[in-house]
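This report is for a reader who meets the structure for the first time. The sequence and the model come next, and the description follows them.

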Amino acid sequence: MISLCALLSLPAKAAEPPSEVQEILEQSGVTGEDAAGWSFSQLLDGIGDAASKALDKPLSFGGQALLYISLSCVVSLTLGGGNWKGCIDSIAVLGFGALSLSAMMDLIQEVNVTAQQSQAYLYNFAPVYSGIAMLGGQTAGATAYSGMFLAMSAFLSTAIEKLLLPLMGIYFCFAASAAVWGNAGIEDAAKLFSKCLSGLLKTAGMLFSLVLGLQNILTGTVDNAALKVGRNLISGAIPVVGDAAAAALSSAAAAVQLLKGSLALAAVVVLGGSFMPIFLRCCLYYLAFSVAGILAAGSGQKQCGQICRLFADGARLCGSILVLYFFMVFLSTVLLLITGNGG
Amino acid sequence: MKFAALAVVCCVFTLALKKDQPAFAFLVSLCGAACLMIMIAQQLEPLVGWLRALAQYTKGQSVSCLLQVLGIAIASQFASDLCKEGGLNAAASAVELAGRMLALLQALPMLQSLVSSFLAFLQ
């Protein structure tokens, strides 16, 4: 009997993926066989190359900033105090302002591109993920994920593109003007703006966390109740094998949960891979401006020090905007991964 | 030691000639100061070359502009002090003013870069 089944078995045709999937896999330029042949040292080299490409800009900017401030300090010391100090300080702050402002404008563009690309990824990922969650019995959670969470992330992405990042651009231009003119009032206004924006981001983060947490609790309760009712109905309605059928339903749902968990983990890794380089750039810019600010303050260049303080705050705010967006995405997806419910 | 010795010798000659030949005293002072500046420039030539090489790795012209402003400031200060030593205070003020104007003109590309960043954002 067994040998007859083995002889007459139907072909599964699972040796190769479908042509559409094969096209997507071939876009990366790396085949499965190539990846299987990678050694650990090759992987480390690849990660190192990617990290150096991602962090090249802030590191070179940090070197340029330190060189420029050191040179302007040397020039000031060479000429001594007196008539030339004001002129040299003005020229130094013009040069440092131009250097810093172009770097920060590039950073704003990169933050915007990262947020938009992540949102485009979510538009494709969320419906698939919701569909799998529904197959696993989490109807309410999947509906909330594909409805409310996607709407919230789209709203935040649009707010980042249309409101927050233009505000950051205005802030950087304002800060550069404040330092060039040396007006204390404009510096205080720039600091107040930074505090207000920071408070707004914290409030938005708390609100999103509250909404996502409440939604998670409510949809989890509904889905658990629905699953229990379904099991009880099956075990009560079907005679003899009702309990076995109810257990089979739970097993099927658990299997789909495993697939859902893998999808969620893959999405978290992909989004984390796109988020980490730009976040590290924001941190490195913050560090570069902080160190340059200490050097400027120590060498008596007040205006350059002012630019460094204000721009360090600006780099921190750009990082905070990214953290808010990805915090919301990670929180919702990880809740769905861990608890089986999300949105 | 060489700089100090040259400066002291010039000073002695200047003081010796000042009473009877003030014009020659001024010339001795001028030549001594010029020799000192040339000797300093020769000593600093490798450092300036290194800074120019570093400036090529930086974005924009900020570092080279700062070096040019330093040169303009030193030349202007030198000429101004010589004029003051010769009793020409008006010429000294004019030279200082000219030096500051030239230094600010050197900073014009940086101002243009700043303004173009503002305009790029506004557009």
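The text below covers confidence, salt bridges, the contact between the chains, and a few single residues.

**Basis and confidence**

This is a predicted model, in which local features need pLDDT of at least 70, side-chain atom pairs count only at pLDDT 80 or more, and totals for chains, interfaces and linings use all residues. Residues are numbered from 1 along each chain as its sequence is written, chains are lettered from A and ligands numbered from 1 in the order in which they are written, and side-chain values use heavy atoms, with hydrogens and water left out.

The term pLDDT stands for the predictor's confidence in each residue, on a scale from 0 to 100. Chain A has an average pLDDT of 79, and 86% of its residues score at least 70. Within chain A, the lowest confidence falls in helix α2 (residues 19–26), with a mean of 60, and the highest in helix α5 (residues 83–135), at 85. Helices (H or I, at least four residues) and strands (E, at least two) are DSSP runs, numbered from the N terminus.

**Salt bridges**

A salt bridge here is a side-chain nitrogen of Lys or Arg within 4 Å of a carboxyl oxygen of Asp or Glu. Over all chains, the structure holds six salt bridges.

| D89(A) | K85(A) | 3.1 Å |

The accessibility classes used below are buried (under 20% relative accessible area), exposed (over 50%) and partly exposed (in between), with a 1.4 Å probe and protein chains only.

Why are D89(A) and K85(A) separated by about one helical turn? They are four residues apart in helix α5 of chain A, so about one helical turn separates them. D89(A) is buried, because its relative accessible area is 16%, while K85(A), at 34%, is partly exposed.

E96(B) counts as buried because its relative accessibility is 9%, whereas K84(B), at 43%, counts as partly exposed. Salt bridges with shared partners also join K57(A), E110(A) and R281(A) into one network.

**The contact between the chains**

How many residues does the contact take from chain A and from chain B? Chain A gives 29 residues and chain B gives 28 residues, where contact means heavy atoms within 4.5 Å. Chain A and chain B bury about 2600 Å² between them, and 81% of this is on carbon and sulfur atoms. Buried area is the accessible area (1.4 Å probe) that two parts lose on being put together, summed over both. In chain A, L71(A), W84(A) and I91(A) lose the most area to chain B, together 26% of what that side buries.

Between chain A and chain B the count of salt bridges is zero. On the side of chain A that touches chain B, α4 (40–79), α5 and α6 (139–181) of chain A each supply at least two residues. The most come from α5(A), with 14 residues.

Chain B has five helices and zero strands. Of its 123 residues, 24% count as buried. L30(B) sits in helix α2 (residues 22–57) of chain B and, at 28% relative accessibility, counts as partly exposed. L30(B) and E85(B) are 55 residues apart in sequence and 9.5 Å apart in space, C-alpha to C-alpha.

In chain A, S157(A) has its place in helix α6. S157(A) is buried, with a relative accessible area of 2%. Not counting residues up to four places away in sequence, S157(A) touches A115(A), Q116(A), Q119(A) and Y325(A).
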